[in-house]
Amino acid sequence: TTTTTTTTTAWTPRAMWRPDVLCVMLDWVLALARVMARATVARAVEDARGVDARRTTRGDEDEDEDEDDEDEEDGTLDVGVFVTGWSSGIGRASALALAKEGFAIVVPYRLGGVDAANAFARECRRAAKDSRVELVGPLDVGSERDVMKVSLSEIRRRGVDVRAVVHCAAVFNTDRNAASRGDGSPTARVNFRNVVRLTDRLVDEARRAGKTSARMRVVFVGSFVHQCATARLLGVDAFRRWVKTGGEGGRYYNPAIDYMWSKVAISAYAAAKHREWTKSGDGGASAVLVDPGLVDTRLIRDWPTALQAFYRLGAKALRLMRDPSDVARGVVRAVRFDSAATEGCPHIYAANGALLGESFWMRDERALGCVRSLAV
């Protein structure tokens with residue numbers, strides 16, 4: 001046992017310092033620069049046209065008020081947002097920001113995590129006196145079994161009608177052994193496959209529940225890395241293999257490419273589901289993809305200490321690093337976004353609210369076909 005532990009922990013820094021991994025991450029820096037430039041230009045154009053970054057319409061607010069009146073007749077249901085990844089970083093900042101906006105926050109907690117969830121509920125009440133937090137669990141978003149047990153009807157019986165789901169949970173697996181156990185990599189499971197399972201389950205249940213619960217916004221927190229040149233260079237066939245195998249590792253497992261494909265996948269999935277939902281014409285579910293930019297979170301906790309320090313110092317020196325609270329404002333905008341104002345799946349840059357437009361992976365029919373055909 002001792003030998004196995006030593007081998008596993010020693011492997012991690014070697015993998016992250018490999019030239020092929022570092023080359024991919026350098027490409028990410030270039031992709032970030034391009035995305036930030038596009039977002040700056042897009043924001044300037046929108047400001048010149050007088051476009052509100054929140055992009056909510058009075059009609060949407062009226063509809064929400066009407067639905068709230070219906071809920072009061074049923075026994076006063078609070079409008080809720082189901083937030084994954086609430087324990088730290090972007091997820092925590094987003095949940096707190098949504099609580100301040102008056103939403104009830106539904107937080108899934110892991111086995112043994114109820115104390116942390118209760119502490120977070122107290123933090124929400126300190127931030128917003130009348131905020132409401134409902135705990136759901138034990139629920140680990142890395143577990144297919146847990147994800148498939150989530151029930152909106154149970155949450156509704158507690159007095160909360162979930163109208164939005166915000167997917168913030170993410171991991172960056174660096175362990176080749178963890179990605180070679182027959183069920184794919186942790187990165188693929190948490191960042192993509194279980195997001196698909198949870199989204200499909202919640203939206204399907206909301207539609208079956210009736211008119212009041214049928215309107216649901218699903219916000220996917222993606223990443224600029226899905227627009228890097230490496231993904232285009234490797235191509236759709238490589239992406240298709242990743243989707244099929246679930247990011248399963250091998251001798252030359254590259255954790256950076258695994259993470260990149262997970263964000264390509266979630267971007268394509270957001271676009272595919274938005275098309276499917278809006279094509280149905282029932283005015284129900286809709287999707288928004290949020291690009292958080294570069295944020296200092298616990299995602300890199302398994303990187304070598306020296307690489308973490310270089311990442312943080314370099315990003316701050318170049319003024320690339322964003323605070324989770326900046327992203328949280330973008331998530332709030334995404335929850336309230338008027339999706340009728342755009343063609344295709346809205347793609348928002350969180351820091352300034354600019355619309356980026358659909359990326360290659362959100363438009364390419366082959367990529368969309370890969371995620372549509374995923375059997376979960």
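Gly222 counts as buried because its relative accessibility is 4%, where buried means under 20% relative accessible area with a 1.4 Å probe and protein chains only. The model is a predicted one, in which local features need pLDDT of at least 70 and side-chain atom pairs count only at pLDDT 80 or more, whereas totals for chains, interfaces and linings use all residues. Residues are numbered from 1 along each chain as its sequence is written, and side-chain values use heavy atoms, with hydrogens and water left out.

Gly222 lies in the loop between strand E5 (217-221) and helix H10 (229-245), helices (H or I, at least four residues) and strands (E, at least two) being DSSP runs numbered from the N terminus. Beyond its neighbours within four places in sequence, Gly222 is in contact with Lys263, Ile266, Leu289, Val290 and Pro292, contact meaning heavy atoms within 4.5 Å.

The axes of H10 and helix H11 (residues 255-279) come within 11 Å and cross at roughly 80°; axes are lines fitted to C-alpha atoms, for helices over the stretch in contact, and angles run from 0 to 180 degrees between N-to-C directions. H10 and H11 are therefore roughly perpendicular to each other, the class for angles of 65 to 115 degrees, with those under 35 counted as roughly parallel, over 145 as roughly antiparallel and the rest as oblique. Residues making this contact include Leu234, Phe239 and Trp242 of H10 and Met260, Trp261 and Val264 of H11.

Helix H4 (residues 89-100) packs against helix H13 (residues 324-336) at an angle of about 55°, with the axes 8 Å apart, which makes H4 oblique to H13.

Definitions and conventions:
Buried < 20%, exposed > 50% of the residue type's maximum accessible area, 1.4 Å probe, protein only.
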